[in-house]
Amino acid sequence: MGTANRKHLLVEGHDDLYAIVQLMAAHVPWGNTKEERPVVIEQCGGVENILATGFISTKLKSREVETLGIVVDADADFTTRWARLRSLCLGQFPEIPETVAPGGLVIDNAQGKRLGIWIMPDNSSRGMMETFLGFLVPDGEEPVWRKAQAAVREALELGAKCRDAHLDKSNIHTWLAWQDPPGQSFGTALLQKILDPKSSHAGPFVTWFRTLYRL
């Protein structure tokens with residue numbers, strides 16, 4: 001197996017996978033075939049599977065993995081999410097710091113393995129992939145973006161059943177529903193520049209990704 005195929009990334013679901021592919025394809029050569037892609041991205045069917053005892057350590061022990069990246073949502077509590085990830089990685093990365101920098105974690109161990117962690121949206125705040133993508137709304141679209149957020153708030157006041165924890169999901173999907181064509185997936189929205197993959201707000205994540213995988 002080639003070196004590129006020993007660079008792996010774990011993400012929660014399909015939406016995360018395709019969003020990251022299209023975001024990074026705007027910054028590094030990605031390729032159209034499995035063999036050409038610089039990183040193997042694995043969607044894990046939810047954060048609970050990534051955080052399951054033994055899952056990450058098994059990936060790190062695999063001879064097929066040289067570099068392992070992990071992208072998960074902070075959801076309601078960044079501190080708890082980071083503490084859980086850190087505890088799962090300490091066995092193989094005993095020097096992992098107690099706090100994660102805003103630019104994400106990249107660390108090497110004595111066995112030649114490399115680990116990267118990014119907690120959406122920004123390694124410090126509550127939120128999720130959808131929060132991060134909201135930062136990529138093009139500058140010229142800010143009035144429509146604010147209107148979409150206001151529409152969600154108005155719907156909540158009228159009794160809409162969206163939970164507070166999913167507010168960022170409602171905001172970005174409402175805004176995407178008002179585009180042409182409406183309702184594009186995150187990956188397609190990035191590909192078509194409905195969301196701006198070159199936004200300065202994407203810069204820290206792009207830098208983390210390129211640093212981790214030496215791209």
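A pocket, on a 1 Å grid over the protein atoms alone, is an open set of points where a 1.4 Å probe fits, with protein on both sides within 12 Å along at least five of seven lines, and its lining residues have an atom within 4 Å of a point. Grid points are joined across faces, edges and corners, and a volume is the space filled by probe spheres set on the points. By these rules, the second largest pocket has a volume of about 200 Å³.

The structure is a predicted model, in which local features need pLDDT of at least 70 and side-chain atom pairs count only at pLDDT 80 or more, while totals for chains, interfaces and linings use all residues. Residues are numbered from 1 along each chain as its sequence is written, and side-chain values use heavy atoms, with hydrogens and water left out.

**Domains**

- The chain is assigned domain 1 (7–127 + 199–213) and domain 2 (130–184), with bounds that come from an automatic or database domain assignment.
- The C-alpha centres of domain 1 and domain 2 lie 26 Å apart, and 9 residues of domain 1 are in contact with 7 residues of domain 2, where contact means heavy atoms within 4.5 Å.

**The second largest pocket**

- Of the 17 residues that line the second largest pocket, the closest to its centre are E12, D73, D75, M128 and K169.
- The elements that give two or more residues to this lining are α1 and α5 (129–134); helices (H or I, at least four residues) and strands (E, at least two) are DSSP runs, numbered from the N terminus.
- Domain 1 and domain 2 each supply at least three residues to the lining of the second largest pocket.
- By class, this lining has 6 nonpolar, 3 polar and 8 charged residues, where Ala, Val, Leu, Ile, Met, Phe, Trp, Tyr, Cys and Pro count as nonpolar, Asp, Glu, Lys and Arg as charged, and the others, Gly among them, as polar.
- D75, which is among the residues closest to the centre of this pocket, lies in the loop between β3 (67–73) and α4 (78–89) and has a positive phi of about 60 degrees although it is not a glycine.

**The largest pocket**

- About 230 Å³ of space lies in the largest pocket, and the residues that line it include L17, Y18, V21, W30 and K34.
- The elements that give two or more residues to the lining of the largest pocket are α1 (14–25) and β2 (40–43), and α1 provides the largest share, 3 residues.
- The lining of the largest pocket is made up of 7 nonpolar, 2 polar and 2 charged residues.

**Packing of α1 with α9**

- Helix α9 (residues 203–213) packs with α1 at an angle of about 90 degrees, their axes being 11 Å apart; axes are lines fitted to C-alpha atoms, for helices over the stretch in contact, and angles run from 0 to 180 degrees between N-to-C directions.
- The two helices, α1 and α9, are therefore roughly perpendicular to each other, a term that covers angles of 65 to 115 degrees.
- I20, L23 and M24 of α1 make the contact with F205, V206, F209 and R210 of α9, which by class gives 6 nonpolar, no polar and 1 charged residues.

**Cis peptide bonds**

- M120 and P121 are joined by a cis peptide bond with omega of about 10 degrees, and P121 is placed in the loop between β5 (114–120) and α5.
- D180 and P181 are joined by a cis peptide bond with omega of about 0 degrees, and P181 is placed in the loop between α7 and α8 (186–191).

Definitions and conventions: Angles under 35 degrees count as roughly parallel, over 145 as roughly antiparallel, 65 to 115 as roughly perpendicular and the rest as oblique.
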